[in-house]
Amino acid sequence: MSQDKKLKNEGRVNEDGNLNRRDFGKALSAGTLGLAGAAWVGTGCGTVRVNNRFDIIIKNGSVIDGSGREAFQSDIGIIGDRIAAIENLENATADTVIDGNQLAVSPGFIDIHTHTDLGLIVNSGAESKIMQGVTTEVGGNCGDSVFPLDEDELKGMDKDTFEEFGIHVDWNDLNGFLDRIEKNKTSINYATFTGQGRLRGLVVGRNDVPATREQLTKMQEILRSTMEQGSFGLSSGLEYAPGSYADTEELVELCKTVAGNNGIYATHIRSEDEKVEEAIQEALDICRDAEVSLEISHLKANNPGNWPKLDHILEMLQEASDSGMPVHADRYPYIAYSTGLSIFLPLQALQGDTEEKIARLSDPKQSPGILEYVQKRGDNIGGWDRVVISSCFSEKNKKWEGKSISECAEESRISPLEFVRTILIEEKNRVQIVGFGMDEDNLKKVLSSPFVMVGSDGNAVAPHGKLGEGKPHPRYYGTFPRVLGTYAREETLFNLPTAVKKMTSMPAGKLGLSGRGVLARDNFADIVVFNPETIIDQATFVDPHQFASGIEYVIVNGQVTVKNGAQTGVRAGSVLRHGS
């Protein structure tokens, strides 16, 4: 039966062959209109098929189109940066032919939650991401973006960035930053949120004080400006200073600005452990009161005492979603988180600039109270053997990377608390850790939830150069292959089309990315060709700088960027601006 006849029999098209209004709306929201017409010949968005010739043909692959439907065998033809055909191309020719036999062909993966920003300037290859099939990266999460900046903040960031990476900061707004990314030419597409912590620090300062009406208006004006320049919305990191000093009412008012510009509110909620349920409710209240699209960042119930809360959290989010609220979440496929060691300090101790924070830790009158709080945090996660140093700034302390706080303290012959205090002072707070605070069964429940997308919460790094230092969380290299290999293939938590949907059309739909996330005619040719039988992560906590297995080809905007499991050196990524 022909596709047109099948649609008529299902009542989905009129007699003139057009989709009825109901199914047109569904198709438009799902980004799948190109599928029914994949075999048609025409100009569409500029792809012109002349003499049945293409730039690239992927032959006889198992197409997993990103929509969630079952895989189907087909060829895919690419002209320029677009998909020009999804059909039998036996009689067509191309400059490049990729044999997709026994391989899966899917949309490029969209990493909706990352902390990639300066890394793309340090190294535009984005190796840890492109080599796991990520073609689009979304940065500026957890309240931390590298814009907007005033002159003092610009000077401070420039000093720190040059000291660490040898590059200069020459922007103060989003336009300037994205222009720098474009000039650098990256291997992946890049989009970003505006950080609420950065915004509040700029306007209100870094202390725990309420925003005045004038300050709130100023933050809204700057936020609106960043969205006009291409930001996809506002991110918050409410466990981190100074973003944590905003109350719910302030966040609602900011999110009304986001909603008015059709953006997203992505939030690292106020607590992911002891008060996680209250924090989820706050996020839902903001979503309802501001009428804003909500994304809960790296959804979890952290620390053993809070693991039983996960079922109720999922019920809360599912009920909100079922009621029509635009609620989603993202999660990485590991039971350890990664953040700064300063997360173990009380928020009041994190007010002010770095020197003020270090002075409190050094003060014999203030440090005992701070360390008492630190010990409670260590007890809650289950002990200091569950907290591992992943990176330090100074050469002196790099010897601790890959060791637990317990091991470091024992080797130093001091208590774990004293080690935490000492290393934070010596490193001026620039200490990254990995904390093993989550439960595997809970992880599976989160990943399998229908409103949860896959996001790495990791940076684009590389096994060499400045970005190859330290022992970062293996999610930087392995998130997407791990979901496909461990949780789809081995654990059968969900089927492959569902896994791919969580990495492609779901984040594309959430972000409003036109022409990406689904393999369809006239969509952008962001494509991953992988072996479904061998794809798996190789990165470990001990040896994280390892590429995944099973990624054969990655195409970004119609350019082969990974070929036979190796990068080609092509830099075809684009800056993606909200609303463009």
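**Entry 1, ground rules.** I noted that this is a predicted model, in which local features need pLDDT of at least 70 and side-chain atom pairs count only at pLDDT 80 or more, while totals for chains, interfaces and linings use all residues. Residues are numbered from 1 along each chain as its sequence is written, and side-chain values use heavy atoms, with hydrogens and water left out.

A cavity here is a set of points, on a 1 Å grid over the protein atoms alone, where a 1.4 Å probe fits but cannot get out, and lining residues have an atom within 4 Å of a point. Grid points are joined across faces, edges and corners, and a volume is the space filled by probe spheres set on the points.

The largest cavity holds about 60 Å³ of space, and its lining includes Pro-107, Ile-110, Thr-135, Arg-516 and Phe-524. Sorted by class, that lining has five nonpolar, five polar and two charged residues; Ala, Val, Leu, Ile, Met, Phe, Trp, Tyr, Cys and Pro count as nonpolar, Asp, Glu, Lys and Arg as charged, and the others, Gly among them, as polar.

The second largest cavity has a volume of about 40 Å³, and among its lining residues I found Lys-300, Leu-310, Arg-331, Asn-442 and Val-446. This lining divides into five nonpolar, one polar and three charged residues.

**Entry 3, helices.** Which helix gives the most to the lining of the second largest cavity? I found that helix H17 (residues 440–448) does, with three residues; helices (H or I, at least four residues) and strands (E, at least two) are DSSP runs, numbered from the N terminus.

I then looked at helix H12 (residues 310–322), which packs with H17 at an angle of about 10 degrees, the axes being 11 Å apart. That makes H12 roughly parallel to H17, because angles under 35 degrees count as roughly parallel, over 145 as roughly antiparallel, 65 to 115 as roughly perpendicular and the rest as oblique. Axes are lines fitted to C-alpha atoms, for helices over the stretch in contact, and angles run from 0 to 180 degrees between N-to-C directions. Leu-310, Asp-311 and Leu-314 in H12 meet Asn-442, Lys-445 and Val-446 in H17, where contact means heavy atoms within 4.5 Å. By class, this contact of H12 with H17 has three nonpolar, one polar and two charged residues.

I traced an open sheet of six strands, in parallel pairing, with the order S9-S10-S11-S12-S13-S17; two strands pair if DSSP finds at least two bridges between them. Its edge strands, each pairing on one side only, are S9 (194–195) and S17 (452–454). Strand S13 (residues 327–331) pairs with S17 in the parallel sense over three bridges, and Asp-330 has Met-453 in S17 as its bridge partner.

A further open sheet has three strands in the order S6-S7-S8, also paired in parallel. On average, neighbouring strands of this sheet are turned by 20 degrees against each other, direction ignored. Strand S7 (residues 134–139) runs parallel to S8 and is joined to it by four bridges, and for Glu-137 I noted Tyr-190 as the bridge partner in S8.

Conventions
On a 1 Å grid over the protein atoms alone, a cavity is a set of points where a 1.4 Å probe fits but cannot get out, and a pocket is an open set with protein on both sides within 12 Å along at least five of seven lines; lining residues have an atom within 4 Å of a point.
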